[in-house]
Amino acid sequence: MTEGIDEAARPEVVAGTGSDLFSKFDPLIEQRRALLADGQEDPFSLVMERVLSPTRAVCNGRETILLGTYNYMGMTFDPDVIAAGKDALDRFGAGTTGSRVLNGTYRGHRDCEDALREFYAMDHAMVFSTGYQANLGIISTIAGKGDYIVLDIDSHASIWDGCKLGNAEVVPFRHNDVEAMEKRLKRIPEGAGKLVILEGVYSMLGDIAPLKEMVRVAKAAGAMVLVDEAHSMGFIGPNGRGVAEDQGCLDEVDFVIGTFSKSVGTVGGFCVSNHPKFEILRLVCRPYVFTASLPPSVVATAATSIRKLMHGGNKRAHLWENSRTLHAGLKARGFQLGTEEPQSAIIAVIMPDLERGAAMWGALLNEGLYVNLARPPATPANMTLLRCSLCAEHTAEQVETILGMFERAGKAVGII
Amino acid sequence: MNRADTALRIAAIIAPFNTRGVALTDAATFAGDLEWDSLTVMDFVAAIEDEFDILITMNQQAEIETYGQLIDAVTRLAGS
């Protein structure tokens, strides 16, 4: 049923040419045409002409405050991180041109995995070329045909794709609903392999999961637990290890998935674990084996950044201040937000519909502010969201400036 | 459990979800006739699962296109 409902109308047959495989995109093409017809700037093809800092860039020739980059800890321009990358580029070259299991593991890749093991205090770490591939690879390899995956309905696309690739039986439950999860776990046939997949922070609304309770229930049902901490690494938890650490249940989690493209400030993905047989995954995980490894400069920047994040206490405190100020300020100005209280560095502003969401996005860009426009099907309950992600490098003054921009744009578009 | 009993219980559950008043014959399709969004599908499936104490995995859902196929699948899953 689920498949059928998402499926577009059958492609029309074009006379003499067979069916056009692109016909299925016609509704989306028409929606975009209508949206952009009255001069609205395309929210999905913005170009950053120059990037000045973690919080400022030049777009359309105008200096713009960045409030939608997931660059939570502002590590992209950290001098030590940049120096490490330049040095690796000079000494090891521009790329590895090879798989991690053949010629693509350099000293830097091992060092980056050592940095992750130190950061999480775990036995094993495996670095992938992207965060998407980390979920795709780990999930599809450990949960195969006949195994059961129980997961939150609001899971990231990379998690769903990992479930599909591995051909496991997939059982979703209502977002953050512990009871619904428990009921489904109990109905799984005896003896079947069980994997529960959760996220620390859900990136669309910026809300966190009740991991302590969910992990307890999952373990009691005999399931292994994988938690994606992409949006919490670096600033949630006493050591920045994420929501599971913050709630005191990290020891019960079998696999933590994370990314380098948020707090770490570059690109790449990883899995850390204490499972005694973890290392075998390097030989059987296809999205790890059949792709080129990260360039030496990228793993050098990642390792340097991860080690610096271990001592980022002051920056974390300032990031939380920014999150609280923006949340309270937007709420006071009458915007509808994704969460009652700030739970992470993501503040989602709920728009009445796609048209006014796109108009608001354009009005903010004219003010000199970039945020993410998120729309169905990526969003829960078909919402249109303006997603703001704060950075530890945003100054208190910048946050006040941002609130003024929201107020003017919101009034101009008629949302507040 | 026999098919007629299953059909009656499913009919009671689907009523509040059938907001457009589609005639629910065995041939009615979820994609073409009911046109639910993915969240409605999940809520409806959860309601059926809880009523019959069964699991209908997404893999199984993909095979269920018509109302009649749903009744057959639930009869089979609840009977085993």
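In the predicted model, the contact between the two chains draws 20 residues from chain B and 20 residues from chain A. On the side of chain B that touches chain A, helices α2 (30-34), α3 (38-52) and α4 (58-61) of chain B each supply at least two residues. Of these helices, α3(B) gives the largest share of that side, 6 residues. By residue class, the side of chain B that touches chain A comprises 12 nonpolar, 4 polar and 4 charged residues.

Chain B itself contains 5 helices and 0 strands, and its elements follow the order α-α-α-α-α from the N terminus on. Along the principal axes, the C-alpha atoms of chain B fill a box of roughly 30 × 25 × 20 Å. A compact globule of 80 residues would have a radius of gyration near 12 Å, and the value for chain B, 12 Å, agrees with this. Of the 80 residues in chain B, 26% are buried. When contacts in chain B between residues at least 6 apart in sequence are considered, 62% join residues at least 24 apart.

In chain A, a helix pair was examined in detail. Two packed helices are described by the angle between their axes and the distance between the axes. For helix α14 (residues 354-367) of chain A and helix α15 (residues 396-413) of chain A, the angle is about 135° and the axes are 9 Å apart. From α14(A), the residues A:R356, A:A359, A:M360, A:A363, A:L364 and A:E367 take part in the contact, and they meet A:M405, A:R408, A:A409, A:G410, A:A412 and A:V413 of α15(A). The residues of this contact of α14(A) with α15(A) divide into 8 nonpolar, 1 polar and 3 charged. An α-helix has 3.6 residues a turn, so residues three or four places apart point the same way.

A further helix of chain A, α6 (residues 157-166), has A:S158, A:I159, A:W160, A:G162, A:C163 and A:G166 as its buried residues. The elements covering the buried residues of α6(A) include helix α5 (131-142) and the strands β7 (148-152), β8 (169-173), β9 (194-199) and β12 (224-228) of chain A. One of the buried residues of α6(A), A:G166, is also in contact with A:A143. A:A143 lies in the loop between α5 and β7 of chain A and counts as buried, with 25 C-beta neighbours inside 10 Å. Apart from its neighbours within four places in sequence, A:A143 is in contact with A:I149, A:G166, A:A168, A:G193 and A:L195. From A:A143 to A:G410 the separation is 267 residues in sequence and 46 Å in space, C-alpha to C-alpha; A:G410 belongs to the α15(A) side of the helix contact described above.

Positive phi values occur at several asparagine residues of chain A. Just after α6(A), A:N167 adopts a positive phi of about 65°. A:N176, which is not a glycine, has a positive phi of about 60°. The loop between β8 and α7 (178-186) of chain A holds A:N176, and this residue counts as buried because 20 C-beta neighbours lie inside 10 Å. At A:N60, also a residue other than glycine, phi is positive and near 50°. A:N60 is placed in the loop between β4 (56-59) and β5 (62-66) of chain A; with 12 C-beta neighbours inside 10 Å, A:N60 counts as exposed.

With 31 C-beta neighbours inside 10 Å, A:G258 counts as buried. When residues up to four places away in sequence are not counted, A:G258 touches A:E229, A:A230, A:M233, A:G269 and A:F270. A:G258 and A:R356 are 98 residues apart in sequence, and their C-alpha atoms are 34 Å apart in space. A:R356 is among the residues of α14(A) that meet α15(A).

How values were computed: Residues numbered from 1 in each chain as written. Chains lettered and ligands numbered in written order. Predicted model: local features only at pLDDT ≥ 70, side-chain atom pairs only at ≥ 80, totals over all residues. Contact = placed C-beta atoms within 7 Å. Helix = DSSP H or I, 4+ residues; strand = E, 2+ residues; numbered from the N terminus. Nonpolar A, V, L, I, M, F, W, Y, C, P; charged D, E, K, R; others polar. Axes fitted to C-alpha atoms, helices over the stretch in contact; angles between N-to-C directions. Rg over C-alpha atoms; globule rule 2.2 N^0.38 Å.
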